[in-house]
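Please open the model in a viewer and follow the selections below in order. Each stop names what to select and then describes what is found there.

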Amino acid sequence: MYILGIETSCDETAASIIKVDRKTGKIVVLSNIISSQIEIHQKYGGVVPEVAAREHVLNILPVIDEALSKAKINQKNINLIAVTKGPGLITSLMTGMETVRTLAFAWDKPVIEVNHIEGHIYSNFINPESKINFPSLILTVSGGHTNLILMDKNRKIKIIGETLDDAAGEAFDKGAKMMNLGYPGGPIVSKYAAQYQQKHSNIPTSNIQLPRPMLNAANFNFSFSGLKTALLYQLQKDDNWTSRTDEYCFEYQQAIIDVLVGKTIKAAQKTGAKTVMLSGGVSANTELRVCLKNAVTQKLSKVNFLVPKHEYTTDNAAMIATAGFFTYLKHKTTNFSKLKVDPSLQLK
Ligand code: KG4
Ligand code: ZN
């Protein structure tokens, strides 16, 4: 079965072709094309929705063409189109959806609508390094979301924890903005943090102390806005902060990681999860990948840890095609006339 995935929920225009063995669920990614608008939005310090939508309009057809030619298949071979329904920016989502509506009509193909967060979850189902055992616990951390999700053997999902304010990626982006480091903040903060770690090898600690919000709260929710404010106050008190940017980045990143890892381990213990997975744009963070993997190995017995390959961490369409396949096994396709975006689509 060949699936064309389309993703335009934020500032990446993406198309992918995957080949799925319907019996085994084995997935081969034949192409995964991403046209990123990061450089365009960098000068504004964040994504400008109107600009993003216009760029999607320009990029979507060339990106789909490239996905088809790289996969060396003709549109006639496609069995299903999977498209992001939401959540995301309404005008960005609409570009992808209207393109899919036209293609579904012109090519006469069935369409499955996909929740973007489920896309991130299913990025772990693309050639996993080890078996996925259920119940699985998935920490999904992106620019817009921070969720702890439990998935049962029927792949039914339940949110057991979420952020009460900023998402983890948003915390990285806002922290970087305060330190005038540019956009998106995650990769930049992690680069400075790694520099600090290299200079202070073994177990680096920092003289800067930031809080670990809600780490010991009796639930699995997160809150990052207080951490951001704590960073702001520290910077205001320190006349010399610009000479210690690497140390601030190290402590700020570590505070975010400590909370994410601590809560995930507690949730895994409480729920009896057999596999722990990490996903979303923030899962590109090397230190988070290492810390969570180590914690799972040291603190949970007989639990395996999975994380997507780097190319499937930030927004991409291979994850949408993959989630599309698993959604298709349980749900009906949507007629092209009924396709509709939902910018605040909830996980069910
Ligand atoms: O999943 P994603 O591409 O888009 C959303 O669905 O939101 O995630 C983007 C987020 C941004 O906030 C970005 O700063 C963060 O992922 N991110 C990182 C890293 N790479 C991207 N955060 C921490 N470390 C990274 N290496
Ligand atoms: Zn995303």
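Select Tyr196 in this predicted model: its relative accessibility is 5%, so the residue counts as buried, the cut-off being under 20%. Tyr196 belongs to helix α6 (residues 185-199) and Phe250 to helix α8, so the pair ties together parts 54 residues apart in sequence.

Within residues 185-199, select Lys191 and Tyr192: the charged end of Lys191 sits over the ring of Tyr192, 5.7 Å from its centre.

Next, display helix α8 (residues 245-271) together with helix α9 (residues 286-299); their axes come within 10 Å and cross at roughly 35°. The crossing is right-handed. Residues that meet here include Ile257, Leu260 and Val261 in α8, and Leu288, Leu292 and Val296 in α9. By class, this contact comprises 9 nonpolar, 4 polar and 2 charged residues.

Move on to helix α10 (residues 318-328), where 10 of the 11 residues are buried. Those buried residues pack against β1 (2-7), β2 (12-20), β3 (27-36), β4 (80-86), β5 (111-115) and α4 (116-122).

Finally, turn to the aromatic pairs, of which the whole structure has 7. Select Tyr122 and Phe326: the ring centres are 4.9 Å apart and the planes lie at 15°, so this pair is stacked. Tyr122 is in helix α4 and Phe326 in helix α10, 204 residues apart. Both residues are buried.

Technical notes. Residues are numbered from 1 along each chain as its sequence is written. Chains are lettered from A and ligands numbered from 1 in the order in which they are written. This is a predicted model: local features need pLDDT of at least 70, side-chain atom pairs count only at pLDDT 80 or more; totals for chains, interfaces and linings use all residues. Side-chain values use heavy atoms; hydrogens and water are left out. Axes are lines fitted to C-alpha atoms, for helices over the stretch in contact, and angles run from 0 to 180 degrees between N-to-C directions. Helices (H or I, at least four residues) and strands (E, at least two) are DSSP runs, numbered from the N terminus. A crossing is left-handed if the near helix is turned anticlockwise from the far one by less than a right angle, and right-handed if clockwise. Contact means heavy atoms within 4.5 Å. Ala, Val, Leu, Ile, Met, Phe, Trp, Tyr, Cys and Pro count as nonpolar, Asp, Glu, Lys and Arg as charged, and the others, Gly among them, as polar. Buried means under 20% relative accessible area, exposed over 50%, partly exposed in between (1.4 Å probe, protein chains only). Rings of Phe, Tyr and Trp (its six-membered ring) pair if their centres lie within 6.5 Å; planes under 30 degrees apart count as stacked, over 60 as edge-to-face and the rest as tilted. A charge sits over a ring if NZ of Lys or CZ of Arg is within 6 Å of the ring centre and within 35 degrees of the ring normal.
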